[in-house]
Amino acid sequence: MTDRGDEYFETFAKRLRALLDEQDAGISLFFVLVDCDGSIVGRLNLYDLDDGTAEVGYRVAEQVAGRGVATQALSDLCRTAARDHGLRTLTAGTSPANVASQRVLEKAGFVSTGTRVVDGEPSLTFKLSLAGLSGDRRAS
C-alpha cells in the first residue's frame, strides 16, 4: 500500500508530463538518489525557482531511512543548487508530526522560520542561505 493514494497514480502520466515541462522551463529541477547497486533510493526536488530562491522537497526509501542518507543527499543538493544553479536561498516545509524530516532539515543547516497552511494542513517552514556553499566541497 502507498501513502500517495490511488488518485495520485491514476493521473500519474499527466502529472509526470507537467513536471517534465516545468523542468524544461527551468521552473523546477528533479534529481534521483541512486544507491551503489544502481537502485533508486530517493528523490530530491528544487521547485518554484524564482529570483535565486527555490523550495526543496525530498523523500528516501524506507530501507535507507535513519542512516543519514537524506541528510547527506540534502546537503549535497544545497551545494549543487548554489554552485550549478546560482540559487541563494532554499526553503522547505514539513508536517509538524514529521520529526525525522525536521531533523534532516536542521542537520543540513536549515533554520525554522514559522508555520504556514498547505492544502488545509499546518506545515513548519524552514530556510537556508546558500552563501558560501557554491565553492568546491572540501574534506573536513
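Biologist: Before we look at single residues in this predicted model, what does "exposed" mean here?

Modeller: The term rests on relative accessible area, and a residue under 20% is called buried. Between the two cut-offs it is partly exposed. To be called exposed, a residue needs a value over 50%.

Biologist: Thanks! Is Cys36 buried or exposed, then?

Modeller: The cut-off for exposed is over 50%. Cys36 has a relative accessibility of 83%, so Cys36 counts as exposed.

Biologist: And Cys78, buried or exposed?

Modeller: Cys78 belongs to helix 3, where Ala73, Leu74 and Leu77 are also among the buried residues. Its relative accessibility is 1%, and the limit for buried is under 20%. Cys78 is therefore buried.

Biologist: How many disulfides does a search of the whole structure find?

Modeller: A disulfide is a covalent bond between the sulfur atoms of two cysteines. To count here, the two sulfur atoms must lie within 2.5 Å. Searching the whole structure gives a count of zero.

Biologist: Let's stay with helix 3. How far apart are its end C-alpha atoms, and what span should its residues give?

Modeller: Helix 3 covers residues 69–85, which makes 17 residues. At 1.5 Å a residue they should span 24 Å, and this agrees with the distance between the end C-alpha atoms, 23 Å.

Biologist: How many bridges join strand 5 to strand 6?

Modeller: These two strands run antiparallel. Val117 stands opposite Pro122 of strand 6. The number of bridges joining strand 5 to strand 6 is seven.

Biologist: Which element gives the most residues to the largest nonpolar core?

Modeller: This core has 28 residues, and Leu46, Val56, Leu74, Leu90, Phe110 and Leu130 touch the most other members. Elements giving two or more residues include strand 2, strand 3 and helix 4. The one that gives the most, with seven residues, is helix 3.

Biologist: Which residues does Ser101 touch, leaving aside its neighbours within four places in sequence?

Modeller: Ser101 lies in helix 4. Its relative accessible area is 11%, so Ser101 is buried. Apart from those sequence neighbours, its contacts are Tyr58 and Thr94.

Biologist: One last thing: where is Asp119, and what is its phi?

Modeller: Most residues other than glycine have a negative phi. Asp119 sits in the loop between strand 5 and strand 6, and at 79% relative accessibility it counts as exposed. Its phi is positive, near 50°.

Notes:
Residues are numbered from 1 along each chain as its sequence is written. This is a predicted model: local features need pLDDT of at least 70, side-chain atom pairs count only at pLDDT 80 or more; totals for chains, interfaces and linings use all residues. Side-chain values use heavy atoms; hydrogens and water are left out. Helices (H or I, at least four residues) and strands (E, at least two) are DSSP runs, numbered from the N terminus. The expected span of a helix is 1.5 Å times one less than its number of residues. Buried means under 20% relative accessible area, exposed over 50%, partly exposed in between (1.4 Å probe, protein chains only). A nonpolar core is a set of buried Ala, Val, Leu, Ile, Met, Phe, Trp, Tyr and Cys residues joined through side-chain atoms within 4.5 Å. Two strands pair if DSSP finds at least two bridges between them. Contact means heavy atoms within 4.5 Å.
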